[in-house]
Amino acid sequence: MKLTFSIQGSDFTHAGYPSSEVKKVLKQLDIDGKTIKKIVIALYEAEVNVVAHAWKGTATIEIEENKISMLLEDEGPGIPDIDLAMQAGYSTASKEVRDMGFGAGMGLPNMKKNSDELIIESEVGKGTKVKMVNYF
Amino acid sequence: MSGSPIYHALNVTKCIGCTHCMKSCPTEAIRLVNGLAVIDYDRCVYCGQCHRVCPTNAFYVVQDDLAMIHSFKYRVILFPSIMIGQFPEKYSEDQIYDGLKKVGFTHIYEVEQPLQVLIDSINEVLKDPDTPKPAISVYCPAIVRIIQARYPDLTENIILRKAPHNLAAHFAIQRLMKEGARREEIGLFYATPCIAKIAAVKSPVGEAESIVDGVVNMNHLYNKVMKVISDSEVPDYSDQRQNLSREGITWSLTRGESCHFGSRGIAIDGIHNAVRFLERVENDQAQGIDFIEMRACDQGCASGILLSGNRFMTVERLERRAKRYPSAKDIRPEVIKLNTSDLKEKLVLEPIMPKPHFIFGKERVKAMEKMTRAQRIVCFLPGIDCGACGAPNCHALAEDMVNNKAKMSDCVFLQQQWESEGRISPNKAFLNVQKKWGTDRFKADCNKRGRRNEGF
(Lines give C-alpha, C1' and ligand atoms only; values in the text may rest on other atoms or scores of the structure.)
Protein backbone atom coordinates (compact mmCIF):
# COMPACT_ATOMS: atom_id res chain seq x y z
CA MET A 1 0.00 0.00 0.00
CA LYS A 2 1.10 3.50 -0.76
CA LEU A 3 0.96 6.70 1.28
CA THR A 4 2.03 10.12 0.07
CA PHE A 5 2.61 13.28 2.05
CA SER A 6 3.76 16.73 1.07
CA ILE A 7 6.25 18.46 3.33
CA GLN A 8 6.57 22.23 3.57
CA GLY A 9 10.00 23.74 4.14
CA SER A 10 10.46 25.64 7.44
CA ASP A 11 7.17 24.27 8.82
CA PHE A 12 8.58 22.73 12.01
CA THR A 13 5.17 22.79 13.66
CA HIS A 14 3.96 19.96 11.45
CA ALA A 15 7.16 17.99 11.07
CA GLY A 16 6.50 14.46 12.23
CA TYR A 17 3.02 14.05 10.75
CA PRO A 18 4.04 11.55 8.03
CA SER A 19 6.05 9.42 10.45
CA SER A 20 3.28 9.26 13.01
CA GLU A 21 0.72 8.33 10.31
CA VAL A 22 3.05 5.60 9.02
CA LYS A 23 3.47 4.36 12.58
CA LYS A 24 -0.30 3.96 12.96
CA VAL A 25 -0.51 1.91 9.76
CA LEU A 26 2.42 -0.32 10.75
CA LYS A 27 0.89 -0.92 14.17
CA GLN A 28 -2.38 -1.98 12.57
CA LEU A 29 -0.37 -4.39 10.43
CA ASP A 30 1.05 -5.94 13.61
CA ILE A 31 4.67 -5.18 12.70
CA ASP A 32 7.11 -5.73 15.56
CA GLY A 33 7.41 -2.67 17.80
CA LYS A 34 11.20 -2.38 17.66
CA THR A 35 11.13 -2.41 13.87
CA ILE A 36 8.42 0.26 13.86
CA LYS A 37 10.49 2.43 16.15
CA LYS A 38 13.50 2.32 13.83
CA ILE A 39 11.33 3.17 10.82
CA VAL A 40 9.65 6.05 12.63
CA ILE A 41 12.98 7.52 13.78
CA ALA A 42 14.55 7.23 10.32
CA LEU A 43 11.53 8.76 8.60
CA TYR A 44 11.20 11.53 11.16
CA GLU A 45 14.82 12.54 10.72
CA ALA A 46 14.39 12.57 6.96
CA GLU A 47 11.26 14.75 7.27
CA VAL A 48 13.04 17.19 9.55
CA ASN A 49 15.87 17.45 7.04
CA VAL A 50 13.42 18.49 4.35
CA VAL A 51 11.75 20.98 6.69
CA ALA A 52 15.05 22.41 7.93
CA HIS A 53 16.94 22.69 4.65
CA ALA A 54 14.65 22.42 1.63
CA TRP A 55 11.91 24.60 0.21
CA LYS A 56 9.40 21.82 -0.18
CA GLY A 57 9.26 18.11 -0.68
CA THR A 58 7.22 14.92 -0.73
CA ALA A 59 7.39 11.67 1.16
CA THR A 60 6.22 8.57 -0.68
CA ILE A 61 5.87 5.50 1.47
CA GLU A 62 5.29 2.08 0.04
CA ILE A 63 4.52 -0.83 2.31
CA GLU A 64 4.85 -4.35 1.00
CA GLU A 65 4.63 -7.74 2.67
CA ASN A 66 8.21 -7.77 3.95
CA LYS A 67 9.50 -4.26 3.62
CA ILE A 68 8.79 -0.57 3.67
CA SER A 69 10.35 1.84 1.16
CA MET A 70 10.46 5.52 1.99
CA LEU A 71 11.30 8.02 -0.70
CA LEU A 72 11.80 11.65 0.21
CA GLU A 73 12.30 14.05 -2.62
CA ASP A 74 12.85 17.73 -2.11
CA GLU A 75 13.47 20.92 -3.97
CA GLY A 76 16.24 22.62 -2.09
CA PRO A 77 19.89 23.58 -1.87
CA GLY A 78 21.14 20.00 -2.19
CA ILE A 79 24.11 18.45 -0.36
CA PRO A 80 27.53 19.37 -1.82
CA ASP A 81 29.50 16.64 0.01
CA ILE A 82 27.39 13.67 1.08
CA ASP A 83 30.23 11.85 2.87
CA LEU A 84 30.90 14.90 4.99
CA ALA A 85 27.17 15.30 5.72
CA MET A 86 27.03 11.70 6.91
CA GLN A 87 29.50 12.40 9.71
CA ALA A 88 27.96 12.62 13.15
CA GLY A 89 27.77 16.20 14.38
CA TYR A 90 28.31 17.81 11.00
CA SER A 91 25.59 20.36 10.35
CA THR A 92 24.87 23.23 8.02
CA ALA A 93 21.67 24.16 9.82
CA SER A 94 21.06 27.86 10.40
CA LYS A 95 21.08 29.43 13.85
CA GLU A 96 17.26 29.72 13.78
CA VAL A 97 16.92 26.00 13.11
CA ARG A 98 19.39 25.12 15.87
CA ASP A 99 17.58 27.42 18.27
CA MET A 100 14.47 25.33 17.73
CA GLY A 101 16.34 22.24 18.88
CA PHE A 102 17.01 20.81 15.45
CA GLY A 103 20.15 20.71 13.33
CA ALA A 104 22.48 18.89 15.73
CA GLY A 105 24.14 17.08 12.87
CA MET A 106 22.67 13.70 13.81
CA GLY A 107 19.96 13.48 11.13
CA LEU A 108 21.77 11.51 8.46
CA PRO A 109 23.74 9.32 10.90
CA ASN A 110 20.45 8.45 12.66
CA MET A 111 18.81 7.62 9.33
CA LYS A 112 21.75 5.37 8.47
CA LYS A 113 21.60 3.69 11.88
CA ASN A 114 17.86 3.05 11.75
CA SER A 115 17.36 1.95 8.16
CA ASP A 116 18.47 -1.22 6.41
CA GLU A 117 19.27 0.56 3.16
CA LEU A 118 19.94 4.23 2.58
CA ILE A 119 20.63 5.87 -0.76
CA ILE A 120 21.14 9.61 -1.10
CA GLU A 121 21.29 11.42 -4.40
CA SER A 122 21.70 15.14 -4.49
CA GLU A 123 22.22 17.94 -6.92
CA VAL A 124 23.45 21.27 -5.57
CA GLY A 125 20.94 24.04 -6.15
CA LYS A 126 18.21 21.58 -7.22
CA GLY A 127 17.37 19.16 -4.48
CA THR A 128 17.90 15.87 -2.73
CA LYS A 129 16.44 12.40 -3.03
CA VAL A 130 16.64 10.07 -0.07
CA LYS A 131 15.55 6.47 -0.32
CA MET A 132 15.38 4.27 2.75
CA VAL A 133 14.29 0.67 2.97
CA ASN A 134 13.52 -1.32 6.10
CA TYR A 135 12.69 -5.02 6.17
CA PHE A 136 10.16 -6.52 8.57
CA MET B 1 -20.41 -11.42 20.77
CA SER B 2 -17.31 -11.52 22.91
CA GLY B 3 -15.70 -13.49 25.70
CA SER B 4 -14.63 -10.40 27.59
CA PRO B 5 -16.19 -9.92 30.99
CA ILE B 6 -18.75 -7.18 31.36
CA TYR B 7 -18.59 -4.52 34.08
CA HIS B 8 -20.81 -1.89 32.61
CA ALA B 9 -23.73 -2.06 30.27
CA LEU B 10 -26.42 -0.06 28.63
CA ASN B 11 -29.99 0.32 29.77
CA VAL B 12 -31.80 0.01 26.45
CA THR B 13 -34.92 1.70 27.74
CA LYS B 14 -32.88 4.81 28.55
CA CYS B 15 -30.58 4.98 25.52
CA ILE B 16 -31.85 7.39 22.91
CA GLY B 17 -29.10 6.66 20.39
CA CYS B 18 -27.68 10.17 20.43
CA THR B 19 -24.10 9.14 19.38
CA HIS B 20 -22.33 11.10 22.14
CA CYS B 21 -20.82 8.02 23.80
CA MET B 22 -19.78 6.57 20.46
CA LYS B 23 -17.98 9.72 19.48
CA SER B 24 -16.12 10.24 22.71
CA CYS B 25 -14.92 6.66 23.19
CA PRO B 26 -11.11 6.70 23.00
CA THR B 27 -10.94 3.19 21.54
CA GLU B 28 -13.89 3.50 19.15
CA ALA B 29 -15.50 0.59 20.97
CA ILE B 30 -19.11 1.76 20.54
CA ARG B 31 -21.38 1.46 17.52
CA LEU B 32 -25.06 2.25 17.14
CA VAL B 33 -27.11 -0.74 16.14
CA ASN B 34 -30.88 -0.48 15.64
CA GLY B 35 -30.67 3.00 17.09
CA LEU B 36 -28.99 1.92 20.33
CA ALA B 37 -25.41 2.04 21.54
CA VAL B 38 -23.60 -1.30 21.61
CA ILE B 39 -20.24 -1.74 23.38
CA ASP B 40 -17.55 -4.00 21.94
CA TYR B 41 -16.13 -5.27 25.24
CA ASP B 42 -13.00 -6.57 23.55
CA ARG B 43 -12.02 -2.99 22.81
CA CYS B 44 -13.38 -1.36 25.96
CA VAL B 45 -10.77 -0.18 28.48
CA TYR B 46 -13.36 0.81 31.11
CA CYS B 47 -12.38 4.47 31.18
CA GLY B 48 -16.01 5.49 31.76
CA GLN B 49 -15.98 8.25 29.17
CA CYS B 50 -19.31 6.98 27.79
CA HIS B 51 -20.95 7.28 31.22
CA ARG B 52 -19.68 10.80 31.52
CA VAL B 53 -21.10 12.09 28.25
CA CYS B 54 -24.41 10.20 28.24
CA PRO B 55 -27.29 12.71 28.48
CA THR B 56 -29.75 10.10 29.78
CA ASN B 57 -27.57 8.13 32.26
CA ALA B 58 -28.19 5.04 30.22
CA PHE B 59 -24.99 3.27 31.28
CA TYR B 60 -24.94 1.33 34.49
CA VAL B 61 -22.33 -0.52 36.44
CA VAL B 62 -22.35 -4.20 37.27
CA GLN B 63 -21.64 -4.37 41.00
CA ASP B 64 -21.62 -6.59 44.04
CA ASP B 65 -24.54 -6.62 46.44
CA LEU B 66 -23.63 -4.90 49.69
CA ALA B 67 -25.47 -7.65 51.60
CA MET B 68 -22.58 -10.02 50.83
CA ILE B 69 -20.43 -8.34 53.47
CA HIS B 70 -22.35 -10.11 56.20
CA SER B 71 -20.87 -13.49 55.36
CA PHE B 72 -17.65 -12.30 57.06
CA LYS B 73 -16.92 -11.72 60.72
CA TYR B 74 -14.44 -8.91 60.03
CA ARG B 75 -15.88 -6.60 57.40
CA VAL B 76 -13.30 -4.16 56.13
CA ILE B 77 -14.23 -1.23 53.94
CA LEU B 78 -11.34 0.11 51.88
CA PHE B 79 -11.98 3.48 50.35
CA PRO B 80 -9.89 6.11 48.62
CA SER B 81 -9.72 9.43 50.41
CA ILE B 82 -11.78 11.14 47.70
CA MET B 83 -14.83 9.54 49.29
CA ILE B 84 -14.54 11.96 52.20
CA GLY B 85 -14.74 14.77 49.66
CA GLN B 86 -18.17 13.59 48.53
CA PHE B 87 -19.92 14.42 51.79
CA PRO B 88 -21.30 17.84 52.60
CA GLU B 89 -18.80 19.94 54.55
CA LYS B 90 -20.89 19.85 57.71
CA TYR B 91 -20.12 16.17 58.27
CA SER B 92 -16.87 15.51 60.10
CA GLU B 93 -14.52 12.64 59.31
CA ASP B 94 -15.69 10.93 62.51
CA GLN B 95 -19.34 11.21 61.48
CA ILE B 96 -18.55 9.66 58.10
CA TYR B 97 -16.60 6.84 59.76
CA ASP B 98 -19.48 6.33 62.14
CA GLY B 99 -21.87 6.14 59.17
CA LEU B 100 -19.75 3.42 57.59
CA LYS B 101 -19.90 1.42 60.83
CA LYS B 102 -23.66 1.78 60.89
CA VAL B 103 -23.86 0.47 57.32
CA GLY B 104 -22.26 -2.72 58.63
CA PHE B 105 -18.50 -2.49 58.34
CA THR B 106 -16.37 -3.38 61.34
CA HIS B 107 -13.05 -1.91 60.18
CA ILE B 108 -12.34 1.18 58.12
CA TYR B 109 -9.22 1.67 56.03
CA GLU B 110 -8.61 4.55 53.70
CA VAL B 111 -6.59 2.88 50.97
CA GLU B 112 -3.65 5.24 50.83
CA GLN B 113 -1.95 3.83 53.93
CA PRO B 114 0.72 3.09 55.01
CA LEU B 115 1.84 5.03 51.97
CA GLN B 116 5.56 5.27 52.63
CA VAL B 117 5.87 1.55 51.86
CA LEU B 118 4.47 2.13 48.37
CA ILE B 119 6.53 5.27 47.80
CA ASP B 120 9.72 3.42 48.77
CA SER B 121 8.79 0.46 46.62
CA ILE B 122 8.14 2.61 43.54
CA ASN B 123 11.41 4.46 44.15
CA GLU B 124 13.26 1.16 44.13
CA VAL B 125 11.85 0.41 40.68
CA LEU B 126 12.77 3.86 39.41
CA LYS B 127 16.33 3.55 40.71
CA ASP B 128 16.83 0.26 38.89
CA PRO B 129 18.83 1.07 35.72
CA ASP B 130 16.92 -1.69 33.88
CA THR B 131 13.59 0.13 34.28
CA PRO B 132 12.66 1.66 30.90
CA LYS B 133 12.09 5.40 31.06
CA PRO B 134 9.78 7.17 31.19
CA ALA B 135 8.31 4.79 33.74
CA ILE B 136 4.51 4.90 33.79
CA SER B 137 2.43 4.51 36.93
CA VAL B 138 0.15 1.50 37.16
CA TYR B 139 -2.32 3.47 39.28
CA CYS B 140 -5.14 3.98 36.78
CA PRO B 141 -6.41 0.65 35.42
CA ALA B 142 -7.98 2.28 32.34
CA ILE B 143 -4.56 3.64 31.39
CA VAL B 144 -2.98 0.21 31.87
CA ARG B 145 -5.59 -1.32 29.57
CA ILE B 146 -5.26 1.32 26.89
CA ILE B 147 -1.49 0.83 26.91
CA GLN B 148 -1.94 -2.92 26.51
CA ALA B 149 -4.34 -2.41 23.63
CA ARG B 150 -3.00 0.58 21.75
CA TYR B 151 0.62 1.01 22.85
CA PRO B 152 1.70 -2.59 23.39
CA ASP B 153 5.42 -1.74 23.44
CA LEU B 154 4.93 0.63 26.33
CA THR B 155 3.74 -2.18 28.62
CA GLU B 156 7.43 -2.54 29.52
CA ASN B 157 7.40 0.99 30.92
CA ILE B 158 4.64 0.29 33.44
CA ILE B 159 5.88 0.22 37.02
CA LEU B 160 5.09 -3.22 38.41
CA ARG B 161 3.83 -2.14 41.81
CA LYS B 162 0.20 -2.58 42.80
CA ALA B 163 -2.28 0.21 43.37
CA PRO B 164 -3.07 1.59 46.87
CA HIS B 165 -6.18 -0.57 47.45
CA ASN B 166 -3.88 -3.60 47.52
CA LEU B 167 -1.58 -1.85 49.95
CA ALA B 168 -4.36 -1.14 52.41
CA ALA B 169 -5.89 -4.60 51.90
CA HIS B 170 -2.65 -6.37 52.85
CA PHE B 171 -2.07 -3.94 55.68
CA ALA B 172 -5.55 -4.64 57.04
CA ILE B 173 -4.99 -8.39 56.84
CA GLN B 174 -1.65 -8.04 58.62
CA ARG B 175 -3.20 -6.06 61.45
CA LEU B 176 -6.38 -8.07 61.86
CA MET B 177 -4.50 -11.36 61.94
CA LYS B 178 -2.23 -9.93 64.59
CA GLU B 179 -5.38 -9.22 66.59
CA GLY B 180 -6.33 -12.89 66.28
CA ALA B 181 -8.57 -12.94 63.20
CA ARG B 182 -8.35 -15.90 60.84
CA ARG B 183 -7.77 -15.04 57.18
CA GLU B 184 -11.06 -16.58 56.04
CA GLU B 185 -12.99 -14.48 58.55
CA ILE B 186 -11.79 -11.25 56.93
CA GLY B 187 -13.84 -9.78 54.10
CA LEU B 188 -12.24 -6.90 52.19
CA PHE B 189 -14.51 -4.53 50.26
CA TYR B 190 -13.27 -1.78 48.06
CA ALA B 191 -15.38 1.32 47.48
CA THR B 192 -14.62 2.29 43.92
CA PRO B 193 -14.96 5.65 42.22
CA CYS B 194 -14.95 4.14 38.71
CA ILE B 195 -15.55 1.08 36.54
CA ALA B 196 -11.86 0.80 35.68
CA LYS B 197 -11.20 -0.16 39.30
CA ILE B 198 -14.10 -2.63 39.23
CA ALA B 199 -12.49 -4.30 36.24
CA ALA B 200 -9.11 -4.18 37.99
CA VAL B 201 -10.53 -6.10 40.94
CA LYS B 202 -12.70 -8.52 38.98
CA SER B 203 -10.22 -9.36 36.22
CA PRO B 204 -6.90 -8.03 37.39
CA VAL B 205 -3.91 -7.43 35.15
CA GLY B 206 -0.52 -8.61 36.39
CA GLU B 207 -1.87 -10.78 39.24
CA ALA B 208 -3.81 -14.04 39.30
CA GLU B 209 -6.60 -12.78 41.49
CA SER B 210 -7.36 -9.70 43.49
CA ILE B 211 -6.96 -9.65 47.23
CA VAL B 212 -10.28 -7.82 47.49
CA ASP B 213 -13.47 -9.86 48.05
CA GLY B 214 -15.94 -7.40 46.61
CA VAL B 215 -16.35 -3.96 45.11
CA VAL B 216 -18.87 -1.38 46.19
CA ASN B 217 -20.03 1.42 43.93
CA MET B 218 -19.07 4.59 45.76
CA ASN B 219 -22.28 6.38 44.83
CA HIS B 220 -24.25 3.48 46.23
CA LEU B 221 -22.24 3.50 49.45
CA TYR B 222 -22.56 7.26 49.74
CA ASN B 223 -26.35 6.98 49.56
CA LYS B 224 -26.36 4.24 52.21
CA VAL B 225 -24.18 6.27 54.56
CA MET B 226 -26.17 9.46 54.02
CA LYS B 227 -29.29 7.63 55.18
CA VAL B 228 -27.78 6.75 58.58
CA ILE B 229 -25.20 9.48 59.15
CA SER B 230 -25.48 11.28 62.46
CA ASP B 231 -25.71 15.05 62.87
CA SER B 232 -24.69 14.92 66.50
CA GLU B 233 -21.65 13.87 68.52
CA VAL B 234 -20.23 10.46 67.55
CA PRO B 235 -17.42 8.34 69.03
CA ASP B 236 -13.84 9.38 68.25
CA TYR B 237 -12.49 7.22 65.44
CA SER B 238 -9.30 9.19 64.89
CA ASP B 239 -7.17 6.20 66.00
CA GLN B 240 -8.26 4.49 62.77
CA ARG B 241 -6.67 7.26 60.79
CA GLN B 242 -3.30 7.37 62.53
CA ASN B 243 -1.51 5.76 59.58
CA LEU B 244 -2.94 8.18 57.08
CA SER B 245 -0.55 10.78 55.68
CA ARG B 246 -0.92 14.00 53.79
CA GLU B 247 0.68 12.36 50.75
CA GLY B 248 -1.89 9.59 50.97
CA ILE B 249 -4.84 11.95 51.08
CA THR B 250 -3.83 13.70 47.85
CA TRP B 251 -2.46 10.57 46.12
CA SER B 252 -5.53 10.05 43.94
CA LEU B 253 -5.59 13.66 42.75
CA THR B 254 -3.70 15.00 39.76
CA ARG B 255 0.03 15.37 40.61
CA GLY B 256 -0.61 13.29 43.73
CA GLU B 257 1.96 10.77 42.56
CA SER B 258 4.15 12.68 40.14
CA CYS B 259 5.28 15.20 42.75
CA HIS B 260 7.06 12.43 44.64
CA PHE B 261 8.92 10.63 41.89
CA GLY B 262 11.71 11.05 39.44
CA SER B 263 13.85 14.05 38.79
CA ARG B 264 11.37 15.03 36.10
CA GLY B 265 7.90 13.70 36.75
CA ILE B 266 4.85 14.63 34.72
CA ALA B 267 1.11 14.28 35.39
CA ILE B 268 -1.47 13.77 32.65
CA ASP B 269 -5.20 13.61 33.36
CA GLY B 270 -8.14 13.00 31.06
CA ILE B 271 -8.31 9.97 28.77
CA HIS B 272 -7.96 11.94 25.54
CA ASN B 273 -4.94 13.83 26.88
CA ALA B 274 -3.46 10.53 27.96
CA VAL B 275 -3.87 9.02 24.50
CA ARG B 276 -2.16 11.98 22.86
CA PHE B 277 0.68 11.86 25.32
CA LEU B 278 1.17 8.10 24.97
CA GLU B 279 1.48 8.70 21.25
CA ARG B 280 4.38 11.06 22.03
CA VAL B 281 6.00 8.63 24.42
CA GLU B 282 5.81 5.94 21.78
CA ASN B 283 7.54 8.30 19.32
CA ASP B 284 10.31 8.95 21.86
CA GLN B 285 9.14 12.53 22.19
CA ALA B 286 9.10 12.62 25.97
CA GLN B 287 12.84 12.58 26.43
CA GLY B 288 14.17 13.46 29.83
CA ILE B 289 10.87 12.65 31.56
CA ASP B 290 11.46 9.74 33.91
CA PHE B 291 8.08 9.32 35.63
CA ILE B 292 4.57 9.62 34.23
CA GLU B 293 1.44 9.71 36.33
CA MET B 294 -1.52 9.20 34.04
CA ARG B 295 -5.21 9.02 34.90
CA ALA B 296 -8.25 8.60 32.68
CA CYS B 297 -10.28 11.21 34.57
CA ASP B 298 -9.53 14.90 34.76
CA GLN B 299 -8.59 16.02 38.30
CA GLY B 300 -7.67 12.37 38.85
CA CYS B 301 -10.07 10.21 40.82
CA ALA B 302 -11.95 13.27 42.05
CA SER B 303 -13.99 13.05 38.86
CA GLY B 304 -14.55 9.30 38.93
CA ILE B 305 -17.85 8.45 37.27
CA LEU B 306 -19.25 6.82 40.40
CA LEU B 307 -18.95 10.01 42.42
CA SER B 308 -21.54 12.66 43.05
CA GLY B 309 -19.52 15.52 44.50
CA ASN B 310 -18.13 18.33 42.38
CA ARG B 311 -14.58 17.38 41.48
CA PHE B 312 -13.07 20.81 42.10
CA MET B 313 -14.72 21.04 45.51
CA THR B 314 -13.45 17.55 46.31
CA VAL B 315 -9.89 18.54 45.39
CA GLU B 316 -10.10 21.63 47.57
CA ARG B 317 -11.47 19.71 50.54
CA LEU B 318 -8.78 17.05 50.29
CA GLU B 319 -5.99 19.59 49.96
CA ARG B 320 -7.27 21.28 53.07
CA ARG B 321 -7.64 17.97 54.85
CA ALA B 322 -4.12 16.92 53.90
CA LYS B 323 -2.62 19.83 55.79
CA ARG B 324 -3.90 18.40 59.07
CA TYR B 325 -2.10 15.08 58.60
CA PRO B 326 1.56 14.16 59.11
CA SER B 327 3.97 13.40 56.31
CA ALA B 328 4.23 9.71 55.34
CA LYS B 329 7.91 9.76 56.31
CA ASP B 330 7.01 10.59 59.89
CA ILE B 331 4.78 7.55 60.36
CA ARG B 332 7.26 5.02 61.72
CA PRO B 333 6.67 1.34 60.87
CA GLU B 334 7.73 0.24 64.36
CA VAL B 335 5.18 2.56 65.96
CA ILE B 336 2.29 1.22 63.87
CA LYS B 337 3.67 -2.35 64.22
CA LEU B 338 3.98 -2.77 60.49
CA ASN B 339 5.84 -5.62 58.83
CA THR B 340 7.29 -3.58 55.97
CA SER B 341 9.12 -6.33 54.11
CA ASP B 342 6.05 -8.58 54.04
CA LEU B 343 3.94 -5.74 52.66
CA LYS B 344 6.52 -4.76 50.07
CA GLU B 345 6.71 -8.31 48.80
CA LYS B 346 2.95 -8.36 48.28
CA LEU B 347 2.99 -5.18 46.22
CA VAL B 348 4.99 -6.65 43.36
CA LEU B 349 3.04 -7.25 40.15
CA GLU B 350 3.69 -9.83 37.46
CA PRO B 351 4.76 -8.43 34.08
CA ILE B 352 1.94 -6.81 32.15
CA MET B 353 1.47 -8.31 28.71
CA PRO B 354 0.58 -6.44 25.53
CA LYS B 355 -2.89 -7.15 24.15
CA PRO B 356 -3.03 -5.32 20.82
CA HIS B 357 -6.66 -5.04 19.71
CA PHE B 358 -6.36 -2.78 16.75
CA ILE B 359 -4.55 -4.92 14.23
CA PHE B 360 -6.18 -5.83 10.95
CA GLY B 361 -5.66 -9.57 11.31
CA LYS B 362 -2.66 -11.82 11.51
CA GLU B 363 -2.09 -12.28 7.77
CA ARG B 364 -0.14 -9.27 6.67
CA VAL B 365 -0.93 -9.36 2.95
CA LYS B 366 -4.65 -9.63 3.62
CA ALA B 367 -4.46 -6.94 6.27
CA MET B 368 -2.71 -4.64 3.83
CA GLU B 369 -5.36 -5.25 1.20
CA LYS B 370 -8.04 -4.40 3.73
CA MET B 371 -6.29 -1.22 4.80
CA THR B 372 -5.81 -0.12 1.21
CA ARG B 373 -9.50 -0.73 0.56
CA ALA B 374 -10.49 1.19 3.67
CA GLN B 375 -8.33 4.11 2.58
CA ARG B 376 -10.01 4.08 -0.82
CA ILE B 377 -13.49 3.98 0.76
CA VAL B 378 -12.66 6.98 2.95
CA CYS B 379 -12.19 9.01 -0.25
CA PHE B 380 -15.87 8.50 -1.07
CA LEU B 381 -17.23 9.32 2.37
CA PRO B 382 -18.18 12.91 3.22
CA GLY B 383 -15.69 13.36 6.09
CA ILE B 384 -18.31 14.99 8.30
CA ASP B 385 -17.96 12.36 11.03
CA CYS B 386 -21.66 12.81 11.84
CA GLY B 387 -22.19 9.34 13.25
CA ALA B 388 -25.47 8.85 11.38
CA CYS B 389 -24.07 5.61 9.94
CA GLY B 390 -23.69 4.19 13.45
CA ALA B 391 -19.88 4.45 13.45
CA PRO B 392 -17.97 7.20 15.27
CA ASN B 393 -16.38 8.72 12.17
CA CYS B 394 -15.97 8.16 8.44
CA HIS B 395 -12.68 6.35 8.90
CA ALA B 396 -14.15 3.92 11.41
CA LEU B 397 -17.05 3.26 9.04
CA ALA B 398 -14.61 2.45 6.25
CA GLU B 399 -12.78 0.01 8.52
CA ASP B 400 -16.07 -1.55 9.57
CA MET B 401 -16.95 -2.00 5.90
CA VAL B 402 -13.76 -3.89 5.05
CA ASN B 403 -14.35 -6.03 8.13
CA ASN B 404 -17.86 -6.80 6.83
CA LYS B 405 -19.51 -5.00 9.71
CA ALA B 406 -21.02 -2.16 7.69
CA LYS B 407 -22.19 -1.30 4.19
CA MET B 408 -21.74 1.66 1.85
CA SER B 409 -25.46 2.35 2.17
CA ASP B 410 -25.01 3.02 5.90
CA CYS B 411 -23.71 6.46 4.93
CA VAL B 412 -26.71 8.77 4.69
CA PHE B 413 -24.82 11.17 2.43
CA LEU B 414 -23.98 8.51 -0.11
CA GLN B 415 -27.62 7.41 0.01
CA GLN B 416 -28.75 10.95 -0.80
CA GLN B 417 -26.34 11.06 -3.68
CA TRP B 418 -27.52 7.71 -5.03
CA GLU B 419 -31.11 8.87 -4.74
CA SER B 420 -30.41 12.00 -6.76
CA GLU B 421 -28.63 9.92 -9.36
CA GLY B 422 -31.67 7.64 -9.53
CA ARG B 423 -29.63 4.63 -8.44
CA ILE B 424 -31.83 3.93 -5.46
CA SER B 425 -35.52 4.67 -4.83
CA PRO B 426 -36.43 7.17 -2.05
CA ASN B 427 -38.44 4.41 -0.43
CA LYS B 428 -35.49 2.03 -0.36
CA ALA B 429 -33.25 4.77 1.02
CA PHE B 430 -35.70 5.45 3.82
CA LEU B 431 -35.95 1.74 4.64
CA ASN B 432 -32.17 1.59 4.89
CA VAL B 433 -32.11 4.40 7.45
CA GLN B 434 -35.01 2.82 9.31
CA LYS B 435 -33.15 -0.47 9.44
CA LYS B 436 -30.17 1.25 10.99
CA TRP B 437 -32.04 3.42 13.46
CA GLY B 438 -35.26 1.48 14.09
CA THR B 439 -38.81 2.51 13.21
CA ASP B 440 -39.34 4.37 16.49
CA ARG B 441 -36.67 6.83 15.52
CA PHE B 442 -39.06 8.68 13.31
CA LYS B 443 -41.92 8.95 15.81
CA ALA B 444 -42.40 12.17 17.70
CA ASP B 445 -40.98 11.71 21.21
CA CYS B 446 -40.19 14.55 23.60
CA ASN B 447 -37.81 12.39 25.68
CA LYS B 448 -35.54 12.02 22.70
CA ARG B 449 -33.31 14.96 23.49
CA GLY B 450 -29.62 14.91 22.80
CA ARG B 451 -27.16 16.92 24.79
CA ARG B 452 -26.52 20.60 24.36
CA ASN B 453 -23.29 22.33 25.14
CA GLU B 454 -22.51 23.53 28.63
CA GLY B 455 -24.33 26.68 29.63
CA PHE B 456 -27.47 26.03 27.61
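**Close-up 1. Charges over aromatic rings in chain B.** In this predicted model, the charged end of R295(B) sits over the ring of Y139(B), 4.2 Å from its centre. A charge is taken to sit over a ring if NZ of Lys or CZ of Arg is within 6 Å of the ring centre and within 35 degrees of the ring normal. R241(B) is placed over the face of Y97(B), at 4.7 Å from the ring centre. Local features need pLDDT of at least 70 and side-chain atom pairs count only at pLDDT 80 or more, whereas totals for chains, interfaces and linings use all residues; side-chain values use heavy atoms, with hydrogens and water left out. Residues are numbered from 1 along each chain as its sequence is written, and chains are lettered from A and ligands numbered from 1 in the order in which they are written.

Close-up 2. Rings of Phe, Tyr and Trp (its six-membered ring) pair if their centres lie within 6.5 Å, and planes under 30 degrees apart count as stacked, over 60 as edge-to-face and the rest as tilted. By this rule there are eleven aromatic pairs over all chains. F79(B) and Y97(B) make an edge-to-face pair, with 6.1 Å centre to centre and 75 degrees between the planes. This pair links distant parts of the chain, since F79(B) belongs to strand β5 (residues 74-79) and Y97(B) to helix α3 (residues 93-103) of chain B, 18 residues apart; helices (H or I, at least four residues) and strands (E, at least two) are DSSP runs, numbered from the N terminus. F79(B) and Y97(B) are both buried, a term that stands for under 20% relative accessible area, with exposed for over 50% and partly exposed in between (1.4 Å probe, protein chains only). One aromatic cluster is formed by F72(B), F105(B) and F189(B).

**Close-up 3. Backbone geometry in loops of chain B.** Most residues other than glycine have a negative phi, and most peptide bonds are trans. Y46(B), in the loop between β3 (36-39) and α2 (49-53), has a positive phi near 60 degrees, and Y46(B) is buried, with a relative accessible area of 4%. N57(B), in the loop between α2 and β4 (59-61), has a positive phi of about 50 degrees, but N57(B) counts as exposed at 53% relative accessibility. A cis peptide bond joins Q113(B) and P114(B), with omega about -10 degrees, and P114(B) lies in the loop between β6 (107-110) and α4 (115-127). The bond from K133(B) to P134(B) is also cis, with omega near -5 degrees, and P134(B) lies in the loop between α4 and β7 (135-136).

**Close-up 4. Helix α7 of chain B.** Helix α7 (residues 195-202) of chain B is mostly covered, as seven of its eight residues are buried. Its buried residues are I195(B), A196(B), K197(B), I198(B), A199(B), A200(B) and V201(B).

**Close-up 5. The contact between chain A and chain B.** 23 residues of chain A are in contact, meaning heavy atoms within 4.5 Å, with 22 residues of chain B. The two chains bury about 1,800 Å² between them, 50% of it on carbon and sulfur atoms; buried area is the accessible area (1.4 Å probe) that two parts lose on being put together, summed over both. Five salt bridges are counted between chain A and chain B, each a side-chain nitrogen of Lys or Arg within 4 Å of a carboxyl oxygen of Asp or Glu. One salt bridge is that between the side chains of D284(B) and K37(A) (3.7 Å, N to O).
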